[in-house]
Amino acid sequence: MLVSQWAHDTFGQRVPLIRQGVAEALSVALENARDAQKVAQTDHLHPFGFTLMSRKFEALAEAFEDMGDVRIVKPAGSPHELVLVDGKLLFPFRYAKDRSISVMSARIGDGRPSALMQALFQRFGPEPQMRQLALHDVAPQAAPMAEALAGLPDGTGLVLIAYACNAHAGLLDAWWGEAELLDRTGSLRWHHCEEIPLVREQAAPAAEQAPAAAFDQGAMPTPALNPRTRAARLAAPISEAVPIRPDQARSRER
């Protein structure tokens, strides 16, 4: 299938494989979290939330651990390992628990961004299009954290993976792209954001796999995903990503 110009420029010819690995890793993490909730036999959602918090990072690392040119990095002071693939750091986060919030209104976390998150944006995020909140205005700990990231290669970029999910419905949708951090509430300004397809389709002819600049808008899928073995996850084809612009997102909400 066709891929967007952004995805091609970011990950080259491995876009379908990487995109599929991200989708499957999120699915596995969500199923693990739902399983934890069932085993806990409680109406409180702490087991789901705590499991998802860790498993989203671990599942990504597991999905890409055997791929060439991939590094698993653990920044000093961070409890989580991050995946560095093709010079891009993958950072997954839940932006919503249902479909009432547009991804264009996504925030990093429910409170003030952590020092690590601020440092990642400052060091590896895209060039801000608006005034970005200075590190010292948000968290003084972010400056030392930025120094701890100095070992990562020059030119490293931050790719955000935003997804919506809940313990009852599982994974609702997923998006990836680049954004800047705007303020102390974790608000984002997307420079590029496109949907990660969660439904598999037959592979398209090779002639159709050149990058495309734009796509028609499609309906957001709502499949029920089940975890599979890693070999099966990375072997199956995946469907097309649909870029979204801020003006189109606002039209969707209305």
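**View 1. The lining of the largest pocket, by residue class.** By class, 20 nonpolar, ten polar and seven charged residues make up the lining of the largest pocket. The model is predicted. In total, 37 residues line this pocket. The space inside comes to about 980 Å³.

**View 2. The centre of the largest pocket and the elements around it.** Which residues lie nearest the centre of the largest pocket? They are M53, K56, R94, G109 and D110. Four elements each supply at least two residues of the lining: α3 (46-64), β4 (88-96), α4 (115-124) and β5 (157-166). Which element gives the most to the lining? Helix α3 does, with eight residues.

**View 3. G109, a residue of the pocket lining in a loop.** G109 is one of the residues nearest the centre of the largest pocket. The loop that holds G109 runs between β4 and α4. Is G109 buried, exposed or partly exposed? The relative accessible area of G109 is 37%, so G109 is partly exposed. Now find A96, 13 residues from G109 along the chain. The C-alpha atoms of G109 and A96 are 9.6 Å apart.

**View 4. Helix α4, mostly covered.** Helix α4 is among the elements that supply at least two residues of the pocket lining. How many of the ten residues of α4 are buried? Eight of them are, and the helix is mostly covered. The buried residues run from A115 through L116, M117, Q118, A119 and L120 to F121, with F124 as well.

**View 5. W6 and W176, an edge-to-face pair.** The structure holds three aromatic pairs. In one of them, the ring centres of W6 and W176 lie 5.7 Å apart. Why does this pair count as edge-to-face? The ring planes meet at 75 degrees, and planes over 60 degrees apart count as edge-to-face. The partners come from distant parts of the chain, 170 residues apart. W6 sits in helix α1 (residues 5-11), and W176 sits in strand β6 (residues 170-181). Are these two residues buried or exposed? W6 has 11% relative accessibility, so W6 counts as buried. W176 has 0%, so W176 counts as buried too.

**View 6. F11 and W176, a stacked pair.** W176 also pairs with F11. This pair is stacked, with 20 degrees between the planes. The distance from centre to centre is 5.2 Å. F11 lies in helix α1 and W176 in strand β6, so the pair ties together parts 165 residues apart in sequence. F11 has a relative accessible area of 3%, so F11 is buried. Together, W6, F11 and W176 form one aromatic cluster.

**View 7. E195 in strand β7.** Look for E195 in strand β7 (residues 188-195). Is E195 buried or exposed? The relative accessible area of E195 is 4%, under the 20% cut-off, so E195 is buried. W175 is 20 residues from E195 along the chain.

View 8. Q41 is not a glycine, yet its phi is positive, at about 50 degrees. Where does Q41 lie? The place is the loop between α2 (15-40) and α3. Q41 has a relative accessible area of 74%, over the 50% cut-off, so Q41 is exposed. D86 also has a positive phi, near 50 degrees, and D86 is a residue other than glycine. D86 is found in the loop between β3 (82-85) and β4. D86 has 29% relative accessibility, so D86 counts as partly exposed.

**View 9. The chain behind the close-ups.** The chain has 254 residues, and 50% of them count as buried. How many helices and strands does the chain contain? There are eight helices and nine strands. Take the contacts between residues at least 6 apart in sequence: 72% of these join residues at least 24 apart. The chain exposes about 12,200 Å². Carbon and sulfur atoms supply 52% of that area.

Definitions and conventions: Residues are numbered from 1 along each chain as its sequence is written. This is a predicted model: local features need pLDDT of at least 70, side-chain atom pairs count only at pLDDT 80 or more; totals for chains, interfaces and linings use all residues. Side-chain values use heavy atoms; hydrogens and water are left out. Rings of Phe, Tyr and Trp (its six-membered ring) pair if their centres lie within 6.5 Å; planes under 30 degrees apart count as stacked, over 60 as edge-to-face and the rest as tilted. Buried means under 20% relative accessible area, exposed over 50%, partly exposed in between (1.4 Å probe, protein chains only). Contact means heavy atoms within 4.5 Å. Accessible areas come from the Shrake-Rupley method with a 1.4 Å probe; for residues, only the protein chains shown count as cover. On a 1 Å grid over the protein atoms alone, a cavity is a set of points where a 1.4 Å probe fits but cannot get out, and a pocket is an open set with protein on both sides within 12 Å along at least five of seven lines; lining residues have an atom within 4 Å of a point. Grid points are joined across faces, edges and corners, and a volume is the space filled by probe spheres set on the points. Ala, Val, Leu, Ile, Met, Phe, Trp, Tyr, Cys and Pro count as nonpolar, Asp, Glu, Lys and Arg as charged, and the others, Gly among them, as polar.
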